[in-house]
Amino acid sequence: MIRLFLDHYLAADLWDADLRGADLNNVILLATNLSEVEDGTLTVEQLTGEDAPLLCGTLLPDSISLDPNRDCPQLPQVLSERYSVSLEEAKEQK
């Protein structure tokens, strides 16, 4: 199983990536282009659940009908908690 050790991607483009088995739990997918990952290697299950990755400005494949901005409102709070920055500073980074 692949484990993404980076806590988040900023404006990442994962063109033609094979995400089969990738553990995306708790990853921040901010402005990440997943629309061109290798066909069938990214599933709804990888993007949902208790420890689902945070989606904000994420381009998703046509086969996945999730809200690509579903987690934008909570992103400043998460950034503040994970990186020990003030909530005001985290809001500015969004």
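This is a predicted model: local features need pLDDT of at least 70, side-chain atom pairs count only at pLDDT 80 or more; totals for chains, interfaces and linings use all residues.
Is Cys-56 buried or exposed? Cys-56 is buried, with a relative accessible area of 9%.

**The overall fold**

Let's start with the chain as a whole. Its secondary structure consists of 2 helices and 3 strands, and they follow the pattern β-β-β-α-α when you read along the sequence. Of the 94 residues in the chain, 40% are buried. The accessible surface comes to about 5,800 Å², and carbon and sulfur atoms account for 50% of that area. If you take the contacts between residues at least 6 apart in sequence, 31% of them join residues at least 24 apart.

**The disulfide**

Back to Cys-56, which has a partner. A search of the whole structure turns up 1 disulfide, formed by Cys-56 and Cys-72 with their sulfur atoms 2.1 Å apart. The pair ties together distant parts of the chain, 16 residues apart: Cys-56 sits in strand S3 (residues 54-56), while Cys-72 lies in the loop between S3 and helix H1 (75-83). The link is right-handed, with 110° about the S-S bond. As a reminder, a disulfide is a covalent bond between the sulfur atoms of two cysteines.

Cys-72 counts as buried too, at 12% relative accessibility.

| Residue | Relative accessible area | Class |
|---|---|---|
| Cys-56 | 9% | buried |
| Cys-72 | 12% | buried |
| Gly-21 | 40% | partly exposed |

**A glycine in a loop**

Where does Gly-21 lie? Gly-21 is found in the loop between strand S1 (8-10) and strand S2 (28-30). Gly-21 is called partly exposed because its relative accessible area of 40% falls between the 20% limit for buried and the 50% limit for exposed. Along the chain, Gly-21 and Gln-46 are 25 residues apart, and their C-alpha atoms are separated by 8.4 Å.

Now for the interior. In soluble globular proteins, nonpolar side chains tend to be buried together. Here the largest nonpolar core has 14 residues, and Leu-19, Leu-29, Leu-34, Val-37, Leu-42, Leu-47 and Leu-60 are those with the most contacts inside it. A second, separate core has 8 residues, including Ile-28, Leu-54, Val-78 and Leu-79.

Setting aside neighbours within four places in sequence, Leu-34 is in contact with Leu-14, Leu-19, Leu-29, Leu-42, Thr-58, Leu-59, Leu-60 and Pro-61.

Notes:
Residues are numbered from 1 along each chain as its sequence is written. Side-chain values use heavy atoms; hydrogens and water are left out. Helices (H or I, at least four residues) and strands (E, at least two) are DSSP runs, numbered from the N terminus. Buried means under 20% relative accessible area, exposed over 50%, partly exposed in between (1.4 Å probe, protein chains only). Contact means heavy atoms within 4.5 Å. Accessible areas come from the Shrake-Rupley method with a 1.4 Å probe; for residues, only the protein chains shown count as cover. A disulfide is a pair of cysteine sulfur atoms within 2.5 Å. A nonpolar core is a set of buried Ala, Val, Leu, Ile, Met, Phe, Trp, Tyr and Cys residues joined through side-chain atoms within 4.5 Å.
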